[in-house]
Amino acid sequence: MFDSFFSGDGFISIFFLLFIVAFVAILGMILVTFVRELSQRNRNNHSPRLTVEARVVTKRQNISRHHSGDHMSTTSSRYYVTFQVESGDRMELQMSGQDYGMLVEGDRGRLTFQGTRYLDFQRM
C-alpha cells in the first residue's frame, strides 16, 4: 500500500493530497469568516437602536497593506472610536473614515448605535 507513495506516482499523490488539504483549509477559513460576519450583521439587525449620552475616549486606525506581485500593493484602513457612556461602560465601534475624521477625543454628545453598528453622533 505505501510502496506507491515512494515511487514517482506516489509523490504526485502526496502533493495532490496536500494541495487538497490546503485548499479545503483555506476555503473553510473563508466560510467561517463569512458566517461570523453574517451572524453579527443579523444580531445587529435584531438589536434595538439606542441613543445615549457619551464621550469620545479614544480613536484608532487599523491599516492593512497587501502586496501582490513585484510592485503592486493595496492599502485598506478601518476606523474605530471608543465611547464612554454615563454608566462608565466603554464600547468600541467601527465607522467610516468620514465619521472618524469628524470626531475628536473628548467630544460629548448623543451616540446612536445598533448592536455593534455605529449609526450617528450628535455633539452637545
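The side chain of Asp107 makes a polar contact with the side chain of Arg123, at 3.0 Å. The model is predicted. Asp107 sits in the loop between helix 3 (97–102) and strand 4. Asp107 counts as buried because its relative accessible area is 15%, under the 20% cut-off. Leaving out residues up to four places away in sequence, Asp107 touches Ala54, Arg55, Val56, Met102, Phe121 and Arg123.

Next, the core. The largest nonpolar core has 13 residues. Those touching the most other members are Val81, Phe83, Met95, Leu103, Leu111, Tyr118 and Phe121.

Strand 2 contributes the most, with three residues. In soluble globular proteins, nonpolar side chains tend to be buried together.

What does Leu111 contact beyond its neighbours within four places in sequence? The partners are Leu50, Thr51, Val52, Ala54, Phe83, Met91, Leu93, Tyr118, Asp120 and Phe121.

The largest pocket holds about 400 Å³ of space. Of its 13 lining residues, Glu37, Gln40, Asn44, Gln94 and Thr116 are the closest to the centre. Helix 2 (8–46), strand 2, strand 3 and strand 5 each supply at least two lining residues. Helix 2 gives the largest share, five residues. By type, the lining of the largest pocket divides into four nonpolar, four polar and five charged residues.

How values were computed:
Residues numbered from 1 in each chain as written. Predicted model: local features only at pLDDT ≥ 70, side-chain atom pairs only at ≥ 80, totals over all residues. Heavy atoms only, no water. Core = buried A, V, L, I, M, F, W, Y, C linked by side-chain atoms within 4.5 Å. Buried < 20%, exposed > 50% of the residue type's maximum accessible area, 1.4 Å probe, protein only. Helix = DSSP H or I, 4+ residues; strand = E, 2+ residues; numbered from the N terminus. Contact = heavy atoms within 4.5 Å. 1 Å grid on protein atoms, 1.4 Å probe; cavity = no way out; pocket = protein on both sides within 12 Å on 5 of 7 lines; lining within 4 Å. Points joined across faces, edges and corners; volume = space filled by probe spheres on them. Nonpolar A, V, L, I, M, F, W, Y, C, P; charged D, E, K, R; others polar. Polar contact = N/O pair within 3.5 Å; in protein donor to acceptor, adjacent residues only side chain to side chain.
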